[in-house]
Amino acid sequence: MEFIRPEDYLPRKSHISDLNRYGIALIGCGSIANTAHLPAYRKYGLHIAACCDVSEEAARTTAEKFGIPRWTTDVNELLQMEEVAVIDMAIHPAPRLEVLRSISQAPRPVLCQKPLAMDIKHAQLLGEEARRLGIVLGVNQQARWAPAHRALKLAIEQGLIGEIYSIHHYMRSFQDQAGWWWTKMKNFNIVDHGVHYVDLCRYFNPYPEDWSRVHCTTAQLREQNAIDPLIYSANVEFGPKGGRHPFMASLHFNNIAKANRSHSNTWWVDGTEGSLWCTQDTLYMAINKHKNVIHEMKLKGSWFPDAFAGSMLAFITALDQGQEPPVTIEDNLQTIAMTTAMVASSEEGRVVERTEIWSGGERG
Ligand SMILES: NC(=O)C1=CN([C@@H]2O[C@H](COP(=O)(O)OP(=O)(O)OC[C@H]3O[C@@H](n4cnc5c(N)ncnc54)[C@H](OP(=O)(O)O)[C@@H]3O)[C@@H](O)[C@H]2O)C=CC1
Ligand SMILES: O=C1CO[C@H](CO)[C@@H](O)[C@@H]1O
């Protein structure tokens with residue numbers, strides 16, 4: 001039973017009339033740009049016009065490696081290039097405000113690496129400043145375009161498993177390597193890496209109500225390199241208090257599991273008519289009425305790098321059609337509100353309401 005096809009879940013460029021009109025300028029030629037953004041754009045034939053980094057060596061070697069026609073260490077020089085139609089911002093949150101202000105001299109739409117910032121106050125500031133400066137700003141929550149996550153989302157939308165009542169995520173990996181920026185970052189596992197799964201939990205939610213409250217617990221090993229916990233468990237409630245809303249989610253992320261053969265990244269979605277679950281390369285479905293049958297579909301593509309083309313293509317498609325970015329500032333603020341609440345919940349040992357953190361509307 002083929003309930004989802006590759007053309008449904010893989011990145012598509014057929015919606016864009018002339019892709020060459022959308023020259024991309026990359027700001028930040030670091031690790032993720034070189035290992036995911038640029039390989040993805042090359043694979044899907046996107047036009048990379050220029051790249052920029054404060055480090056001359058990073059800008060030059062990246063340009064050479066990917067055959068990018070122009071490179072610079074100066075954002076202002078980038079903005080003078082007529083062929084630059086879109087900015088791909090792949091730098092850490094700290095310099096983003098200053099870079100946005102430079103971009104306002106000759107505004108271009110900006111797709112910014114996820115999340116907009118590591119806490120709600122900083123994210124709000126960046127969002128408000130982008131609006132004030134007249135910059136179209138979208139957020140690159142590219143995990144939404146990972147083949148497994150797109151396929152799962154489409155299967156949910158097809159209604160094959162009835163009314164969804166539960167989403168559960170279980171992630172096991174290892175990122176306790178000494179010396180890397182993430183082991184030195186405050187609450188990294190929740191606010192920087194975990195934010196993918198928090199955002200996906202909101203993305204898969206089929207109801208109009210956004211998340212309402214969260215209870216998160218963490219643990220910190222006696223001997224670990226990271227300055228903060230690398231394991232969390234979060235129970236997310238939707239709708240009013242009282243436990244009678246028809247949908248709930250739970251998220252568990254153990255990022256300090258040394259035995260790599262035990263690693264996995266799995267979602268389970270339960271509905272009144274059946275269940276869907278996926279790893280990163282396979283989507284499964286079991287329907288109540290088809291007893292003892294599991295429908296199993298091997299998926300094409302992978303998160304790294306395909307999803308990075310998916311998010312950029314969706315951003316360009318929205319620009320082409322005069323629509324809002326696929327992940328707006330408001331949408332991302334709801335996700336960051338949840339990671340901010342998870343940190344507060346684990347540190348203070350209590351349930352944290354969304355409204356304590358963020359007073360924005362229902363769905364972003
Ligand atoms: N799946 C995903 O979506 C992933 C997302 N990320 C996100 O991407 C961002 C970047 O991560 P990563 O690539 O690992 O980081 P890196 O530190 O490897 O790269 C960032 C690069 O940007 C440069 N830079 C800093 N400030 C500026 C500026 N003002 N203008 C131009 N270049 C600048 C840095 O130079 P210098 O080092 O000299 O400061 C560095 O070369 C982070 O926010 C991270 O959370 C990262 C990994 C995966
Ligand atoms: O997916 C991810 C993996 O970890 C990175 C840090 O190394 C995160 O920044 C990132 O979002």
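A residue is called buried here if 20 or more other C-beta atoms lie within 10 Å of its own, exposed if 12 or fewer, and partly exposed in between, with C-beta atoms placed from the backbone. The model is predicted: local features need pLDDT of at least 70 and side-chain atom pairs count only at pLDDT 80 or more, while totals for chains, interfaces and linings use all residues. Residues are numbered from 1 along each chain as its sequence is written, and chains are lettered from A and ligands numbered from 1 in the order in which they are written.

Select the protein chain. Of its 364 residues, 43% count as buried. The C-alpha trace spans about 60 × 45 × 40 Å along its principal axes. Colour by secondary structure to find twelve helices and 15 strands (DSSP runs: helices H or I, at least four residues; strands E, at least two; numbered from the N terminus).

Move to ligand 2. Around this ligand are W182, D192, H193 and H196.

Finally, select residues 155-353, where an unreviewed UniProt entry places the feature "domain: Gfo/Idh/MocA-like oxidoreductase C-terminal"; positions follow the numbering used here, feature names are shortened, and annotations may be inferred rather than shown by experiment. This stretch is 29% helix and 29% strand, and its end C-alpha atoms are 30 Å apart.

Notes:
A residue is near a molecule or strand if its C-beta atom, placed from the backbone, lies within 6 Å of it.
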